[in-house]
Amino acid sequence: MMTLAYESKGKGIPLLLIHAFPLSSEMWRQERRVLGAAWRVITPDLPGLGISPCQIKPSIPKMAFELNNFLDGLDIQEPVVLAGLSMGGYVALEFIKQFPKRVRALGLFSTRAEADSPEAREKRLKIVQNIQQEGLEPFAAATVPRLIGKTSQAANPHLIKDITALILKNKSDGVTGALLAMAGRNDSTDVLANIKCPTLIVAGREDEIIPFAVAEILQKKIPGAELHILSKAGHLVNLEQPEEFQTILKDFLKANL
Ligand code: MLT
């Protein structure tokens, strides 16, 4: 068991927001401020990222297990709203598989249920080697433009700088650990039809990492799921279109809690 670092804001129904790779809980800064007025917004750093310690054997199922301990540590007994973006979504699906009773509503943003293909796994292992040899800077420079849609890149060039800075705050071994965890993750497709709680899916039409068509498939597989495709966002929907994203999330929470 490990102690996860986190930030939290507000009171009321707990809303656990799980960040993407290779970022940290800092990516939810605006959501903490805006949604923290009505809900208890809790944003942990996943193992190895932000300032949380690394896992000895990196694994997504163990990350879900650590989040379960994390909720116990905060003495949260009531079911939470659990939402994750991309890698955060991989962890959220693993969590709902292991601890379905702890989730009252689910958010899946820019994410997918499938495990890595053999080619994707190979690519991740190559990136691990590169980071071990060259550090995080070349990796961040190659990754950030793919995380942000073309509209945001043109309209909001500071995002590239901000997200690069956020990535470079991480430790190399935490980033490589997260890559290994994602490469070894389970396929969660079989969980989808059994999801019983209200589910919100958000994706960006300009996402180059997980195409928005994947979100349309997710919606078909999760009973009653609500889907929003943001026309002017890439992968990092909440950072690229914060107001639109927050309105969708607030409306979903108001309608379903
Ligand atoms: C993420 O945003 O968490 C990553 O792009 C997910 C991945 O690499 O599969």
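1. A residue is called buried when its relative accessible area is under 20%, and exposed when that value is over 50%. The model is a predicted one, and by this cut-off Thr-199 is buried, because its relative accessible area is 1%.

2. Thr-199 belongs to strand β6, which covers residues 199-204. Its side chain reaches the backbone oxygen of Cys-197 at a distance of 3.1 Å. Leaving aside residues up to four places away in sequence, Thr-199 touches Leu-106, Leu-108, Ile-222, Ala-225, Glu-226 and Phe-252.

3. As for the chain as a whole, the secondary structure of the protein chain comes to twelve helices and seven strands. Its radius of gyration is 17 Å, which agrees with the value near 18 Å that a compact globule of 257 residues would have. Along the principal axes, the C-alpha atoms fill a box of roughly 45 × 40 × 35 Å.

4. Of the 257 residues, 53% count as buried. When contacts between residues at least 6 apart in sequence are considered, 80% of them join residues at least 24 apart.

5. Some points of backbone geometry deserve a careful look, since most residues other than glycine have a negative phi and most peptide bonds are trans. Phe-21 and Pro-22 are joined by a cis peptide bond, with omega at about -5°, and Pro-22 is found in the loop between β2 (14-18) and α1 (29-35).

6. Asp-75 is exposed, because its relative accessible area is 58%.

7. Ser-110, which is not a glycine either, has a positive phi of about 45°, and its place is in the loop between β5 (103-109) and α4 (118-134). Is Ser-110 buried or exposed? Ser-110 is buried, because its relative accessible area is 3%, whereas Asp-75 is exposed.

Key. Residues numbered from 1 in each chain as written. Predicted model: local features only at pLDDT ≥ 70, side-chain atom pairs only at ≥ 80, totals over all residues. Heavy atoms only, no water. Helix = DSSP H or I, 4+ residues; strand = E, 2+ residues; numbered from the N terminus. Rg over C-alpha atoms; globule rule 2.2 N^0.38 Å. Buried < 20%, exposed > 50% of the residue type's maximum accessible area, 1.4 Å probe, protein only. Contact = heavy atoms within 4.5 Å. Polar contact = N/O pair within 3.5 Å; in protein donor to acceptor, adjacent residues only side chain to side chain.
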